[in-house]
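Dear colleague,

Please find the structure below, handed over for your study.

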Amino acid sequence: MSSDKSQFDIGFQPPVQQQEPPGLQKELDPQPSTEYVPTPDGGYKLYQAAGKLKDRKAVITGGDSGIGRATATLFAMEGADVLIAYLPQEEEDAQETVKLVEKYGRKCYTFAADLKDKNNCKKLVEEAMSKLGAINILFNNHAYQMMTTDIHDLSEEQWDLTFATNIHPFFYISKAALPHMKKGDTIINDASVNAYIGRPDLLDYTSSKGAIVAFTRGLSNQFVGKGIRVNALAPGPVWTPLVASTMTEEAIKQFTSPMGRPAQPSEIATCAVFLASTDSAQLSGQTIHCNGGVIVNG
Ligand SMILES: NC(=O)c1ccc[n+]([C@@H]2O[C@H](COP(=O)([O-])OP(=O)(O)OC[C@H]3O[C@@H](n4cnc5c(N)ncnc54)[C@H](O)[C@@H]3O)[C@@H](O)[C@H]2O)c1
């Protein structure tokens with residue numbers, strides 16, 4: 001970690017910075033925490049694994065950076081092999097994720113493609129089956145957002161783009177992956193606190209995240225009786241390239257939670273480990289609100 005102040009301390013705030021979408025983690029200052037998790041005193045320590053995902057095979061979309069990279073790394077620490085999907089222009093970030101996964105002795109395969117194309121969603125699953133030989137964990141995690149304060153300034157193109165990126169691939173990838181998944185396997189969908197608080201300046205994104213919560217519930221009801229659990233994460237502010245590449249300077253200045261700081265990707269990845277492992281054996285159709293203390297209904 002490259003910050004004077006612990007990124008897990010109350011009052012930690014990343015300096016304002018901006019990038020072109022989709023953003024690169026290597027350009028962020030400070031670097032978000034991937035492998036380090038908080039200690040009770042505001043410090044941090046290396047995540048301690050316990051073999052919770054030994055020899056499991058995981059597919060993670062948006063796995064090059066942010067929450068996806070941290071999840072790939074913690075999954076590897078817990079014993080899983082992974083395949084990460086991402087946009088071709090993020091190859092450098094993806095290779096960093098590969099290094100992190102390999103550092104923990106696991107395999108990391110890569111799949112660079114635009115998932116707005118449903119054929120790429122199907123190819124992703126074919127690639128995963130050919131490289132990993134199974135899909136035990138599917139983490140639908142990628143997303144696009146762009147801030148617009150007024151519905152009258154929100155173009156039809158942006159509305160379509162947001163839904164084409166954020167929810168349609170979750171359907172296509174899940175539909176292709178489920179025939180390969182068995183009892184004990186899990187799907188995790190990345191939603192957002194915004195679906196619950198109704199963030200006005202991200203109307204399209206917020207709506208697509210609401211669709212993800214409803215998709216999670218409906219899909220869970222289809223598969224829970226077959227032993228395949230489907231759950232969602234609804235993070236609050238997390239320090240990732242998505243933020244630096246899509247939020248205004250003012251929004252980055254106010255990028256915090258009731259805990260007095262944004263989360264680090266590692267803190268959301270611990271929740272993904274929980275949902276991927278049998279520690280969460282009694283959860284399906286549920287949403288984990290890893291949002292820094294915002295009380296929400298649902
Ligand atoms: N960062 C936050 O504050 C925050 C808060 C709540 C929810 N989330 C959710 O967390 C998830 C991960 O985001 P992150 O914050 O780690 O940011 P990130 O920028 O690290 O990851 C987003 C990834 O989505 C992928 N992506 C975007 N468009 C794509 C496309 N068309 N095809 C294929 N891949 C595409 C890219 O690989 C990109 O790296 C997203 O679903 C996001 O909505 C983030």
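The shell of residues around the ligand divides into 15 nonpolar, 9 polar and 6 charged residues. Here Ala, Val, Leu, Ile, Met, Phe, Trp, Tyr, Cys and Pro count as nonpolar, Asp, Glu, Lys and Arg as charged, and the others, Gly among them, as polar. The model is predicted, so local features need a pLDDT of at least 70 and side-chain atom pairs count only at pLDDT 80 or more, while totals for chains, interfaces and linings use all residues. Residues are numbered from 1 along each chain as its sequence is written, and side-chain values use heavy atoms, with hydrogens and water left out.

In total, 30 residues surround the ligand, where a residue is near a molecule if one of its heavy atoms lies within 4 Å of it. The closest are S65, E90, N141, Y205 and T240. Helices α1 (66–77), α7 (203–223) and α8 (241–246) each supply at least two residues of this shell, and the largest share, 3 residues, comes from α8. Helices are DSSP runs of H or I with at least four residues, strands are runs of E with at least two, and both are numbered from the N terminus.

A polar side-chain atom of D64 lies 2.8 Å from a ligand oxygen. For I67, a backbone N or O atom lies 2.8 Å from an oxygen atom of the ligand; for N141, a backbone N or O atom lies 2.7 Å from one. Taken alone, the ligand exposes 810 Å², of which the protein buries 96%. Such areas come from the Shrake-Rupley method with a 1.4 Å probe; for residues, only the protein chains shown count as cover.

Helix α8 also contains A244. Is A244 buried or exposed? A244 counts as buried because its relative accessibility is 1%; buried means under 20% relative accessible area, exposed over 50%, and partly exposed in between (1.4 Å probe, protein chains only). The C-alpha atoms of A244 and E27 are separated by 9.4 Å, although the two residues are 217 apart along the chain.

E267 is found in helix α10 (residues 265–276). With a relative accessible area of 17%, E267 is therefore buried.

By contrast, I151 counts as exposed because its relative accessibility is 53%. I151 lies in the loop between β6 (137–140) and α4 (156–166).

Definitions and conventions. A polar contact is a pair of N or O atoms within 3.5 Å; within protein, one must be able to donate a hydrogen and the other to accept it, and residues adjacent in sequence count only if both atoms are side-chain atoms.
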